[in-house]
Amino acid sequence: MSAHDRREQLIRVGQEVFAEQGVQGVSVEEVAKLAGVTKPVIYEHFGGKAGLYAVIVERAIQDLLRQISVSLAEGGGSRQILERTAWALLTYIEQSPSAFRILVRDSPSWHGSGSIASLMSDVAVQVEGILGEEFRRQRLDTKPVPIYAQMLIGMIALTGEWWLESGRAFKKEFVAAHMVNLAWNGLTSLEAKPKLTAIDSRK
């Protein structure tokens with residue numbers, strides 16, 4: 001097996017076991033055993049467990065970001081972009097469930113490659129531009145656009161996580177349609193100056 005093929009094999013094995021047990025519950029010995037190699041091979045390619053985990057997380061982040069960025073860049077109306085974004089995330093979860101499980105786990109303190117939170121923040125920045133256009137079309141104040149972008153992306157990401165952990169109990173089309181239904185109908189009925197009605201903010 002070539003060095004490249006061995007590296008890819010270790011990434012595949014590591015991704016599956018990290019997704020199943022979490023990075024803290026996995027040892028270098030276990031990864032090596034599952035891959036049919038000795039511990040020094042893992043150290044040679046990645047420097048240890050932390051290095052292997054970092055590569056897996058970074059690859060997962062870039063793959064998901066690429067899919068979502070493509071959906072955002074294709075243009076069209078705001079609803080079409082929203083539909084494609086929800087579809088892109090659910091498709092990624094469907095095709096790469098172990099990678100997504102790793103992303104939604106809390107990254108340990110010694111890992112600095114990022115997490116689903118940082119990824120979604122990057123996507124939210126791109127969404128801000130789209131929402132800004134919709135706000136201006138409705139003649140709404142654009143100041144709270146970053147808030148809405150974070151809420152929208154957070155809703156999609158958390159729903160995707162729930163869908164995966166529920167064993168994908170509903171069809172992808174069904175979940176995506178209902179996510180878009182809530183997000184779109186909320187966006188098209190925004191109040192210009194929303195206020196709390198059940199909370200006394202003066203207290």
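This is a predicted model: local features need pLDDT of at least 70, side-chain atom pairs count only at pLDDT 80 or more; totals for chains, interfaces and linings use all residues.
**Exercise 1.** How much space lies in the largest cavity?

*Solution.* Residues are numbered from 1 along each chain as its sequence is written, and side-chain values use heavy atoms, with hydrogens and water left out.

Step 1. A cavity is a set of points on a 1 Å grid over the protein atoms alone where a 1.4 Å probe fits but cannot get out; lining residues have an atom within 4 Å of a point.

Step 2. Searching the whole structure gives one cavity of 30 Å³ or more.

Step 3. The largest cavity holds about 110 Å³.

**Exercise 2.** Describe the lining of the largest cavity.

*Solution.* Step 1. There are 13 lining residues, and S78, L82, V127, I130 and L152 lie nearest the centre.

Step 1. Helices α5 (78–95), α7 and α8 (145–165) each contribute at least two of the lining residues.

Step 2. By class, the lining has 10 nonpolar residues, two polar and one charged.

**Exercise 3.** Is L187 buried or exposed, and which residues does L187 touch?

*Solution.* Step 1. L187 belongs to helix α9 (residues 172–187).

Step 1. L187 has 10% relative accessibility and therefore counts as buried (under 20% relative accessible area, 1.4 Å probe, protein chains only).

Step 2. Leaving out residues up to four places away in sequence, L187 touches L131 and Q138 (heavy atoms within 4.5 Å).

Conventions:
On a 1 Å grid over the protein atoms alone, a cavity is a set of points where a 1.4 Å probe fits but cannot get out, and a pocket is an open set with protein on both sides within 12 Å along at least five of seven lines; lining residues have an atom within 4 Å of a point. Grid points are joined across faces, edges and corners, and a volume is the space filled by probe spheres set on the points. Helices (H or I, at least four residues) and strands (E, at least two) are DSSP runs, numbered from the N terminus. Ala, Val, Leu, Ile, Met, Phe, Trp, Tyr, Cys and Pro count as nonpolar, Asp, Glu, Lys and Arg as charged, and the others, Gly among them, as polar. Buried means under 20% relative accessible area, exposed over 50%, partly exposed in between (1.4 Å probe, protein chains only).
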